[in-house]
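Biologist: Please take me through this model one question at a time, and give the cut-off for each term when it comes up.

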Amino acid sequence: MASAAVMDRLVARSLARNAPLNVHFDVTYRCNERCVHCYLDHSDHGEMTTAEIKRVLAELAEAGTLFLTFSGGEIFLRPDFFDLLAYARQLRFDVTLKTNALLITEERAAQLRRLGVRRIQISLYSADAAIHDCITKVPGSFARTLEALRFCHAQGLLVKISCPLMKQNIAVWREVQALADSLGVTFIMDPTITPMMDGNRSTLDMRLAPSELLPVMQAPVFDTPAPAPAKAGGAEMAAAFDNIPCSAGHNSLYISPYGDIYPCVQMPLPTGNLREKSFSDIWYSSPKMLRVRNVRESDLAICNDCDIRHHCQRCPGLAFMEDGDLGGPSERACELAEAAAHLAGVRNPVSGLRALGRLHATSNSHPAQLVHIAALSTSQERDSL
């Protein structure tokens with residue numbers, strides 16, 4: 001495993017050269033669960049074929065991609081997935097898998113190990129089978145996922161439990177932590193619930209108000225907020241991220257099962273399709289991708305006038321989802337910035353949106369607690385490498 005210094009240098013240089021270091025590739029949106037909070041359309045509208053995906057993987061390797069995440073939907077619903085995985089490893093990608101693990105048998109876990117997969121992230125919503133199965137809408141899914149998780153761990157894979165926090169499971173998050181500890185695996189909790197890809201906002205009914213997250217945020221394990229990716233490394237990393245909102249479109253991207261390229265899975269801005277153009281053509285020449293890449297923090301009009309801007313961890317993708325403006329502020333980010341400013345001792349901090357009268361109160365919780373929500377979300381980009 002590369003040292004932190006080497007990794008920082010690699011990330012910094014990829015940013016400087018716009019090298020596509022990190023790719024999140026959803027190979028299908030089909031799924032064998034129907035999770036209540038999911039933002040995907042699970043119908044198959046013409047997924048890329050085996051040959052098409054292999055061609056794309058070869059283009060990514062040629063362009064310099066090193067870190068590849070296969071996700072979905074449920075990746076193991078593709079009959080050709082192990083073929084695709086073997087080809088990805090042949091191309092020397094460092095592969096991470098995201099899965100619900102329902103289709104992972106003991107034999108398949110061993111096969112993953114033989115193919116050189118090191119990391120696998122498995123969705124588990126509760127340590128209570130009834131709650132987990134209620135969220136997935138698949139009876140017995142908890143038992144099957146837990147069994148598969150043990151298979152993977154026994155093979156020496158680095159297993160991480162992923163537990164999105166929502167109204168259905170907020171009361172039992174401690175049990176998930178205890179389960180992860182007992183199994184000897186790591187876990188992440190993410191309070192981010194987004195609208196569906198078609199714009200349907202019904203999933204937001206499950207999003208927790210900051211006040212509902214207080215039991216999690218007050219836990220000792222979350223006492224120290226993680227730094228933003230740009231501040232987590234050394235001078236070279238900080239310089240590379242200087243004036244860049246985030247890595248999306250700079251050294252990371254998202255590919256859909258239909259060949260659409262997006263700057264990020266959380267930024268619904270298609271920049272080109274791999275069935276129509278080569279990866280390099282889209283990555284280096286797409287007007288939409290260049291538009292994203294050319295945005296600088298100094299271009300953010302409302303943010304520039306904000307007195308507490310240096311406390312903000314604005315996500316460009318979530319801001320774009322809110323109002324379709326790449327340079328616009330994010331209501332959630334403004335709320336979190338005010339919280340961070342409170343923690344830093346700023347009296348009565350006022351974010352850019354609040355100064356304009358456009359920030360609506362979403363909670364009556366103490367603002368110091370809200371900053372932890374940002375820490376949970378922003379730490380994942382660095383953690384995924």
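**Loops, a buried helix and its neighbours**

Biologist: Where is Ser-330 found?
Modeller: Helices here are DSSP runs of H or I with at least four residues, strands are runs of E with at least two, and both are numbered from the N terminus. On that basis, Ser-330 is found in the loop between helix H14 (316–323) and helix H15 (331–343).

Biologist: What kind of model is this?
Modeller: Residues are numbered from 1 along each chain as its sequence is written, and side-chain values use heavy atoms, with hydrogens and water left out. Local features need pLDDT of at least 70 and side-chain atom pairs count only at pLDDT 80 or more, while totals for chains, interfaces and linings use all residues, since this is a predicted model.

Biologist: Is Ser-330 buried or exposed, and which residues does Ser-330 touch?
Modeller: Buried means under 20% relative accessible area, exposed over 50% and partly exposed in between, with a 1.4 Å probe and protein chains only. Ser-330 has 4% relative accessibility and therefore counts as buried. If contact is taken as heavy atoms within 4.5 Å, and residues up to four places away in sequence are not counted, Ser-330 touches Ala-319, Glu-322 and Leu-353.

Biologist: Which residues of helix H3 are buried?
Modeller: Helix H3 covers residues 81–90. What covers its buried residues includes helix H2 (50–63), strand S2 (67–71), strand S3 (94–99) and helix H4 (106–114). The buried residues of H3 are Phe-81, Phe-82, Leu-84, Leu-85, Tyr-87 and Ala-88.

Biologist: How are H2 and H3 oriented to each other?
Modeller: Axes are lines fitted to C-alpha atoms, for helices over the stretch in contact, and angles run from 0 to 180 degrees between N-to-C directions. The axes of H2 and H3 come within 10 Å and cross at roughly 20°. Angles under 35 degrees count as roughly parallel, over 145 as roughly antiparallel, 65 to 115 as roughly perpendicular and the rest as oblique, so H2 and H3 are roughly parallel.

Biologist: Which residues make the contact of H2 with H3?
Modeller: These residues divide into six nonpolar, one polar and two charged, where Ala, Val, Leu, Ile, Met, Phe, Trp, Tyr, Cys and Pro count as nonpolar, Asp, Glu, Lys and Arg as charged, and the others, Gly among them, as polar. H2 contributes Thr-50, Ile-53, Lys-54, Leu-57 and Ala-58, and H3 contributes Asp-83, Leu-84, Tyr-87 and Ala-88.

Biologist: How far is the backbone nitrogen of Leu-102 from a polar atom of the side chain of Asn-100?
Modeller: Asn-100 is placed in the loop between S3 and H4, where its relative accessible area of 4% means that Asn-100 is buried. Not counting residues up to four places away in sequence, Asn-100 touches several residues, including Cys-31, Glu-74 and Thr-145. From a polar atom of the Asn-100 side chain to the backbone nitrogen of Leu-102, the distance is 3.0 Å.

Biologist: What phi does Ala-101 have?
Modeller: Ala-101 is also placed in the loop between S3 and H4, and because its relative accessible area is 0%, Ala-101 is buried. Although Ala-101 is not a glycine, its phi is positive, at about 70°.

Biologist: What phi does Asn-348 have?
Modeller: Asn-348 lies in the loop between H15 and helix H16 (352–355), and its 66% relative accessibility means that Asn-348 counts as exposed. Asn-348 is not a glycine, yet its phi is positive, at about 50°.

Definitions and conventions:
Polar contact = N/O pair within 3.5 Å; in protein donor to acceptor, adjacent residues only side chain to side chain.
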